[in-house]
Amino acid sequence: MKDYYAVLGIDSDATAGALKNAYRKKASEFHPDRNTAPDAPARFRDVQEAYDLLSDAVKRQEYDENRRRSLLENPLETARQIWTTYMNKVMQ
């Protein structure tokens, strides 16, 4: 399970406005026309996927519920994903 909040660099309690601003910033950063890094297209798709899900109130609520369950049902996998996301952000 991807951590879409981490993909956009926002907290899980971010407002719709903060979500949109983060999306615009990340989309601009990773747009393949502006970023020639080999992983830019994949990261751009991740940003788009994250925004599509989190901008829909119903999908976001379902995602948040699933995210909470994952922390309880599969803590080691969730911890690994959180740690990987954190380290990727630190290494940038």
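## Around Phe44

Skipping neighbours within four places in sequence, Phe44 is in contact with Ala27, Phe30, His31 and Pro32 (contact means heavy atoms within 4.5 Å). Phe44 itself lies in helix α3; helices are DSSP runs of H or I with at least four residues, numbered from the N terminus. Asn66, on the other hand, is 22 residues from Phe44 in sequence and 24 Å from it in space, C-alpha to C-alpha.

A quick note on the source: this is a predicted model, where local features need pLDDT of at least 70 and side-chain atom pairs count only at pLDDT 80 or more, while totals for chains, interfaces and linings use all residues. Residues are numbered from 1 along each chain as its sequence is written, and side-chain values use heavy atoms, with hydrogens and water left out.

## How α2 meets α3

The axes of α2 and α3 come within 9 Å and cross at roughly 165°; these axes are lines fitted to C-alpha atoms over the stretch in contact, with angles running from 0 to 180 degrees between N-to-C directions. The two helices, α2 and α3, are therefore roughly antiparallel (the label for angles over 145 degrees).

On the α2 side, the contact is made by Leu19, Lys20, Tyr23, Lys26, Ala27 and Phe30, and on the α3 side by Ala40, Arg43, Phe44, Val47, Gln48, Tyr51 and Leu54. Sort the residues of this contact by type and you get nine nonpolar, one polar and three charged. Here Ala, Val, Leu, Ile, Met, Phe, Trp, Tyr, Cys and Pro count as nonpolar, Asp, Glu, Lys and Arg as charged, and the others, Gly among them, as polar.

## Aromatic pairs

Searching the whole structure turns up four aromatic pairs (rings of Phe, Tyr and Trp, the last by its six-membered ring, with centres within 6.5 Å; planes under 30 degrees apart are stacked, over 60 edge-to-face, the rest tilted). Tyr23 and Tyr51 have ring centres 4.2 Å apart and planes at 20°, so they're stacked. That pair links distant parts of the chain, with Tyr23 in α2 (residues 16-30) and Tyr51 in α3 (residues 40-54), 28 residues apart. Tyr23 counts as buried at 17% relative accessibility, and Tyr51 is buried at 18% (buried is under 20% relative accessible area, exposed over 50%, partly exposed in between, with a 1.4 Å probe and protein chains only).

Trp83 and Tyr86 have ring centres 5.7 Å apart and planes at 35°, so this pair is tilted. Both sit in helix α5 (residues 75-91), three residues apart, about one turn of the helix. Trp83 is exposed at 54%, whereas Tyr86 is partly exposed at 46%. Elsewhere, ring pairs link Tyr4, Tyr5 and Tyr63 into a cluster.

Definitions and conventions
Parallel < 35°, antiparallel > 145°, perpendicular 65-115°, else oblique.
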